[in-house]
Amino acid sequence: MNMPTQVDVDEASQQALNGLAVGQLDMLAEGLELRAEWQAKSGLDARAYSLVKLAALIALDAPPASYVWQVSNALDSGATAADLVGVLFAIAPQVGGPRVVAAAPEIMVALGLALPPGPDDDVAAS
């Protein structure tokens, strides 16, 4: 793939990308309005709606930024960390263990938790 040496990017586009890259929610105001509209159409309360969307992210093996956003929405809607774990267990038979295992650290990061050391991490033997 050839990389352009220089691309002309207008100031408005650069500011929009900068805002999205750091998670400025005002950049997505229209999307938030649509979210509320789709939630109303679903007939689900905000908590259930957020948990269902989290389940969909896990099933789709969504990118990490999606988890941060949806976990935040779920917590704001009254879901608990235990609810998020419950979603993992509830959908494991349908989506498979590897998707659940891949989602767990993303949810941990979204909750502000430190990840446990992995098998390849250099851990001193006790």
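Visitor: Which residue follows α6, and what is its phi like?

Guide: Gly 112 follows α6, and its phi is positive, near 80°. Keep in mind that this is a predicted model.

Visitor: How many residues does α6 have, and how far does it reach?

Guide: α6 has 14 residues. From its first C-alpha to its last it reaches 20 Å, close to the 20 Å expected at 1.5 Å a residue.

Visitor: Which residues of α6 are buried?

Guide: Val 100, Ala 103 and Ile 107 are buried in α6.

Visitor: And what covers them?

Guide: The cover over the buried residues of α6 includes α3, α4 and α5.

Visitor: What about the largest nonpolar core, which members touch the most others?

Guide: That core has 17 residues, and Leu 54, Ile 58, Tyr 67, Leu 84 and Ile 107 touch the most other members.

Visitor: Which helices each supply at least two residues of this core?

Guide: Those are α3 (46-60), α4 (64-76), α5 (81-95) and α6 (97-110). The largest share, five residues, comes from α3.

Visitor: Back to Leu 84. What is it in contact with, leaving aside neighbours within four places in sequence?

Guide: Leu 84 is in contact with Leu 51, Leu 54, Val 71, Ala 74, Ile 107 and Leu 111. Of these, Leu 54 and Ile 107 are also among the core residues that touch the most other members.

Visitor: New topic, aromatics. How many aromatic pairs turn up in the whole structure?

Guide: Zero, from a search of the whole structure.

Visitor: Then what lies over the face of Trp 38?

Guide: Lys 41 does, at 5.0 Å from the ring centre.

Methods
Residues numbered from 1 in each chain as written. Predicted model: local features only at pLDDT ≥ 70, side-chain atom pairs only at ≥ 80, totals over all residues. Heavy atoms only, no water. Phe/Tyr/Trp six-rings, centres within 6.5 Å; stacked < 30°, edge-to-face > 60°. Lys NZ or Arg CZ within 6 Å of the ring centre and 35° of its normal. Core = buried A, V, L, I, M, F, W, Y, C linked by side-chain atoms within 4.5 Å. Buried < 20%, exposed > 50% of the residue type's maximum accessible area, 1.4 Å probe, protein only. Helix = DSSP H or I, 4+ residues; strand = E, 2+ residues; numbered from the N terminus. Contact = heavy atoms within 4.5 Å. Expected span 1.5 Å × (residues − 1).
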